[in-house]
Amino acid sequence: MTRIAPMPLDAITDPELRMLIAEGEALGVPDDLFPRIVARAPEQAVPLMRALVMSHAQGHVDHKLKEIMRILLARFANDNYFASLRSGKARAMGLTETRIDDGCFAYEDDGKGFSAAEKCALRYADLMFLDANQIDEAFYNEMKRHWSEAQIMELGAFVAFHYGMAMFMRSLGAKAAG
Amino acid sequence: MSVNPDAVDAAFFDELRKHYSDDEIVELGAFIGFNLGYHTFFGTLKFYPLFSPDGRLVSQAEAERLYGAAPTSLKPEVAE
């Protein structure tokens, strides 16, 4: 049970929010718990859900890589809820639990097969809330060797938003169903 | 939520409920989460306000001189 009770699904009548809930459920991230909680702040629920789903499932960075980054961040945030959810789209693209664990805990290991670009992006997510001082000009110069500036902004905004929402759900004591 | 998330426990929520409705707590929590993430990200990008305190449009170099190289709230002596 979360510290704030989610709204019953049938009490959510905003058609845009209902559509976003369906999109999240189709993706697998989030399930309906997150939107049923944020629906208590109706002015924020739609933009939060839109940002959560769009930043993860759309854009110009490989969805599988972003799924690993998302889980890395949720684990670092000690958020059981988002750490337990999985993108069905990423799974259909071939992402396995072994690859997720390697990406979270051993991405620097050359034997795990992550490209230099993937390592750099995972390091970006890893360091952002561990030691942001290490994400300096030299770090961004290294990022630019592998990613366009648009992709770096996509990654940075993705990392910031998903970590923030993981911390929020952690504070609520939220757990994923099943 | 940022410096000691373990302190945001059931007792903390009981205290929050003395002052805020559950709907307001959700609004606050999502707002804090959003800002927690984005301000850390923005901090890595090293950008500064476009305008000086007296309203002049200034370069990023001048803005850095005016506002300081690091956000005040991240200085250790302030965090303590």
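Select chain A to begin: of its 178 residues, 44% count as buried, a residue being called buried if 20 or more other C-beta atoms, placed from the backbone, lie within 10 Å of its own. This is a predicted model, in which local features need pLDDT of at least 70 and side-chain atom pairs count only at pLDDT 80 or more, while totals for chains, interfaces and linings use all residues. Residues are numbered from 1 along each chain as its sequence is written, and chains are lettered from A in the order in which they are written.

Next, show chain A as a cartoon, where you will find 10 helices and zero strands; helices are DSSP runs of H or I with at least four residues, strands are runs of E with at least two, and both are numbered from the N terminus. The radius of gyration of chain A, taken over C-alpha atoms, is 16 Å, close to the 16 Å from the globule rule (2.2 Å times the number of residues to the power 0.38) for 178 residues, so chain A is as compact as a globular protein of that length. Its C-alpha trace spans about 50 × 30 × 30 Å along the principal axes.

Now bring in chain B and select the contact, to which chain B gives 21 residues and chain A gives 25 residues, with two residues in contact if their C-beta atoms, placed from the backbone, lie within 7 Å. On the side of chain B that touches chain A, pick out helix H1 (10-19) and helix H2 (22-45) of chain B, the elements that give two or more residues; H2(B) gives the most, with 16 residues.

Note on methods
A residue is buried if 20 or more other C-beta atoms lie within 10 Å of its own, exposed if 12 or fewer, and partly exposed in between; C-beta atoms are placed from the backbone.
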